[in-house]
Amino acid sequence: MTNPLHDALLAPLGASDTPFLIRPDGSAIDGTAFYGMACRAAGALAERGLAPGDRLAVQVEKSPEALALYAGCLIAGVVFVPLNTAYTTDEIAYFLADATPGLAICDPRMADRIAALGTTPVMTLDAAGQGSFADLAAGLPNRIAPARRTAQDIAALLYTSGTTGRSKGAMLSHENLLSNARALCDLWRIDSDDVLLHALPIFHAHGLFVAVNTTLLAGARMIFLPGFTVDAVLQAMPRATLMMGVPTFYTRLLDAPGFGADVCAGMRLFVSGSAPLLAETHQKFQQRTGHRILERYGMTETGMNTSNPHDGERRAGTVGFALPGVEIAITDAGGAPVPAGEIGMIEVRGPNVFRGYWNMPDKTAEELRQNGFFITGDLGRQDADGYLHIVGRSKDLIISGGYNVYPKEVESVLNEASFVREAAVFGVPHPDFGEAVVATLVVEPGVPVDLPALRHDMSGRLARYKQPKEILLTQSLPRNTMGKVQKNLLRDRHRDLFAAPVSGTP
Ligand code: MLC
Ligand code: AMP
């Protein structure tokens, strides 16, 4: 192999005249055409002086051209660094300083602000696939020799929020991505007859690697929606066989009166992940559609770790078994395996486990053991039949609609307000997003409280999904004897803040 991901995922497209990407209006881009787009993108990166191993930062709306940037990076050997479109300029500044990309491609609306940071040359690509990068690529050849890459070379750098508030760039190799795509295609029986309904963002592991890499490897096709809306998904579903989504997709579909067995007639598989799927949602989905959602468990650093079986029992409230080639250990505080059935830290080892955090050898050493096991921060137990149950997290993390929010990052911004003596941020149950971000503030006596100003300040500094859906004021925070804020008590106290009828109630 000269370039593992190119050879396995992209090369077959170059000789395929069957549809690969289907736009919402039904028009299609066939394999050869998409391969040409990817080669032109690779050529444009070379024109801009990017060499194998250099990074490309990308913050653009989802489009076929945006996907071709990912494929172009694989061909050029350039490390793909996708960034959430919700990130503010402040957040982007950190990623550019950390990843030191040779080029940033962004939406034209962000271009001036990112250029003003002065760290990185900027080109543009809009939601319609137009912009200065598209102009440069348009004149280039449809074929280019792929850069030579080894299985251990880094293909992508994906940022994941850090407990200390600083995001960490997870370095993912060709082997990491390819081994995971192979395991998932086998396990979920994805083949060239499949049509994936793709409504996830392509800047995270779920929408990019789990969804796109498996489709490419299987020689399947995708209906490529710009995002998730119930109407668009209902319209496209009769033409699809497979969907991957976060739990919010499924609760929103259950809330739609037009959703039922008829719409799903051609579907063979629904997969859920990135956040816990309530057993209740699983059951309601089966009652409504006859399908049992297949839940799996993964993370940015490791790709997918476990999955419920395709053919055996898909057990609600569990994430199934380790993928072939992946090992799961449940350990105690000292790192030793706990007795069977007991709760402990979930650790993972296998070809899916990342190469470490970019520029952060200490963080890497803390979370990735010498023996190859990655300490996930998730707490779990295996039941008598071996199904893995995720029972909580040791990391102080909120997962809202499949997006991760680390309280520390939000607290740091809140604590800067003059009237805030101390802020505590935590997650509470939310009927749509699973969990919602909530802040409790202890106010500084004598300083006027100005919540609108605080919200305004946050909007320039934190992506919308990280901003608290509710800000509460309090006299004091509950603490344990060590002086640590007891977030669990805050969560319990405010758990009914967004209480609403459970989604999908008939
Ligand atoms: C949008 N908003 C959110 C939010 N998404 N707030 C909290 N959490 C979220 N996830 C905000 C919007 O800015 C808006 O704010 C308000 O909530 C309502 O927006 P909406 O129009 O209802 O949201 P929508 O655009 O429909 O987005 C919801 C969503 C989206 C669920 C479709 O969040 C999404 O695509 N999530 C998928 C995330 C994902 O891919 N995760 C995978 C990570 S990889 P306002 O105030 O302006 O109205 C990973 C590994 C693994 O975890 O295992 O897979
Ligand atoms: P991220 O850092 O965005 O990749 O998020 C990874 C985290 O999402 C994991 O560590 C888990 O906490 C959580 N996660 C992913 N899939 C599931 C699932 N099926 N059930 C519960 N939590 C999940």
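A residue counts as buried when its relative accessible area is under 20%, as exposed when over 50% and as partly exposed in between, with a 1.4 Å probe and protein chains only. By that definition Phe285 is buried, with a relative accessible area of 0%. This is a predicted model, in which local features need pLDDT of at least 70 and side-chain atom pairs count only at pLDDT 80 or more, while totals for chains, interfaces and linings use all residues. Residues are numbered from 1 along each chain as its sequence is written, chains are lettered from A and ligands numbered from 1 in the order in which they are written, and side-chain values use heavy atoms, with hydrogens and water left out.

**Aromatic pairs**

- Across the whole structure, a search finds 17 aromatic pairs, where rings of Phe, Tyr and Trp (its six-membered ring) pair if their centres lie within 6.5 Å, and planes under 30 degrees apart count as stacked, over 60 as edge-to-face and the rest as tilted.
- Tyr250 and Phe285 form an edge-to-face pair, 5.3 Å centre to centre with 90° between the planes.
- Because Tyr250 belongs to helix H10 (residues 247–254) and Phe285 to helix H11 (residues 279–289), this pair ties together parts 35 residues apart in sequence; helices (H or I, at least four residues) and strands (E, at least two) are DSSP runs, numbered from the N terminus.
- Tyr250 is buried, at 0% relative accessibility.
- Phe285 also forms an edge-to-face pair with Phe270, 4.9 Å centre to centre and with 70° between the planes.
- This second pair links Phe270 in strand S12 (residues 269–272) to Phe285 in helix H11, 15 residues apart, and Phe270 is buried with a relative accessible area of 1%.
- Elsewhere, ring pairs link Tyr87, Tyr94, Phe95 and Tyr159 into a cluster.

**Helices H2 and H3**

- The axes of helix H2 (residues 31–47) and helix H3 (residues 64–76) come within 7 Å and cross at roughly 65°, the axes being lines fitted to C-alpha atoms over the stretch in contact, with angles running from 0 to 180 degrees between N-to-C directions.
- Residues in this contact (heavy atoms within 4.5 Å) include Phe34, Tyr35 and Leu45 of H2 and Pro64, Glu65 and Ile75 of H3.

**Around Leu379**

- Leu379 lies in strand S18 (residues 374–382) and counts as partly exposed, at 25% relative accessibility.
- Leu379 and Ile390 are 11 residues apart in sequence and 5.9 Å apart in space, C-alpha to C-alpha.
- Not counting residues up to four places away in sequence, Leu379 touches several residues, among them Ile343, Met345, Ile390 and Arg393.
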